[in-house]
Amino acid sequence: MVSNPSPRLEDALPAAFSGSRVVVTGAAGFLGSHLCERLIAYGASAVGLDDLSTGRTRNLVALDEVDAFELLPHDVTLPLAVPGEVDHVFHLASPASPRDYGLAPVRTLVTGSAGTLHALTLAAQKQARIVVASTSEVYGDPLLHPQQEEHWGNVNPVGPRSMYDEAKRYAEALTVAFARTAQVSSAIVRIFNTYGPRMRPDDGRAVPTFIAQALTDQPLTVAGDGSQTRSLCFVDDTVTGLLALAASQELGPVNIGNPHEITMLQLAETIRRLTGSMSPIIHTELPGDDPRRRCPDITRARQLLGWEPTVRLEDGLSRTIDAARVTASDPVPTGGAR
Ligand code: NAD
């Protein structure tokens, strides 16, 4: 079940994508699979490209029998060749969780650089509009709160998250360079923490970690004292934001995220209550690079795209928990959640 976007977008987006042909890199991942399902629901056809490094084909099981969808195994660090016309490209391929990119730092940088170059080159060849997925991590340890797009960021280029932060900052610079010199219709979306069904329970991110722990009666591992905040956006809302940006002519960058801020301790307590778990909450060491606060200013998305999140945290968490109960046989994480 897809949550309703705002009334204006609810009408505009299906009309914008119906009959179009769309390429999605990272299609088998968490965000990519939800995006592909929505595109198909709107009457588009979609070609997914994925090397399955962090994604899973079972994320796309709902599209198995759909003729309008095709998944091509492909590593985007190699040039992309997609036959036929393409109207839109969504470039999402990249490791996305600190655990995933920490395990593959060089690959993360090559995916953000060469992979983005290849996605932009495909868009230029096809005269397609491209949306490149950036991240709130480009703000680093932000000097401004909440984070506005004008903030240039405060990033440590040699820090423990630098392989991801700098890959995304380079990807943004490359996207702007293509827009300015190659007349490619491009857009940069800075995605803030998104959660929902299909996140891997072992990817180290807070929501799937707490849910997996709660469902198996293991302690919920909160890093530090848990007073650090996150702003969590349900995946349906984020997907609507990506589509709204693609349907516009804006270059951005545009923040897409939910400005409702919650502490990690409150998040753990909420998940424990919603799952009915009796697990204790324990505290683990705070990683050195953990941002204290992260919250998007979404004025630009509201004004330029008519977008804002619509799903309440408890509703989104309940839907995520319901989905996780079905996949509860996956391995249970033990480390601190972020
Ligand atoms: P994910 O790991 O679930 O999905 C990423 C997908 O990209 C996976 O299917 C993976 O197999 C694929 N991929 C990785 N490297 C590839 C390569 N070289 N070639 C082809 N495919 C490759 O992560 P996600 O959460 O769905 O994130 C999707 C995008 O959104 C990423 O670019 C990420 O940086 C961005 N983002 C996500 C969030 C979030 O909260 N989920 C926040 C900010 C930004």
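Which backbone oxygen does the side chain of His-118 reach? The model is predicted, so local features need pLDDT of at least 70 and side-chain atom pairs pLDDT 80 or more, while totals for chains, interfaces and linings use all residues. Residues are numbered from 1 along each chain as its sequence is written, and side-chain values use heavy atoms, with hydrogens and water left out.

View 1. The side chain of His-118 reaches the backbone oxygen of Val-76 at 2.9 Å. A polar contact here is a pair of N or O atoms within 3.5 Å; within protein, one must be able to donate a hydrogen and the other to accept it, and residues adjacent in sequence count only if both atoms are side-chain atoms. Leaving aside residues up to four places away in sequence, His-118 touches Val-76, Thr-77, Leu-78, Pro-79 and Leu-80 (contact means heavy atoms within 4.5 Å). His-118 counts as buried because its relative accessibility is 15%; buried means under 20% relative accessible area, computed with a 1.4 Å probe and protein chains only.

**View 2. Helix H4, residues 105–126.** Helices are DSSP runs of H or I with at least four residues, strands are runs of E with at least two, and both are numbered from the N terminus. H4 has 22 residues and spans 31 Å from its first C-alpha to its last, close to the expected 32 Å (1.5 Å times one less than its number of residues). A kink of about 30 degrees is centred on Thr-111, taken as the angle between axes fitted to the seven residues ending there and the seven starting there. Just after H4, Gln-127 has a positive phi of about 55 degrees.

**View 3. The buried residues of H4 and their partners.** Among the buried residues are Thr-108, Gly-112, Gly-115, Ala-119 and Leu-122. The buried residues of H4 pack against strands S1 (21–25), S4 (88–91), S5 (129–135) and S6 (186–191), and against helices H3 (98–103) and H5 (162–181).

**View 4. The shell around the ligand.** Of the 31 residues around the ligand, Asp-50, Thr-54, Leu-92, Tyr-164 and Lys-168 come nearest; a residue belongs here if one of its heavy atoms lies within 4 Å. S5 gives the largest share of the shell, three residues. Helix H2 (30–41), H4, S5 and H5 each supply at least two.

View 5. A polar backbone atom of Thr-194 is 2.8 Å from an oxygen atom of the ligand.

Methods:
Buried < 20%, exposed > 50% of the residue type's maximum accessible area, 1.4 Å probe, protein only.
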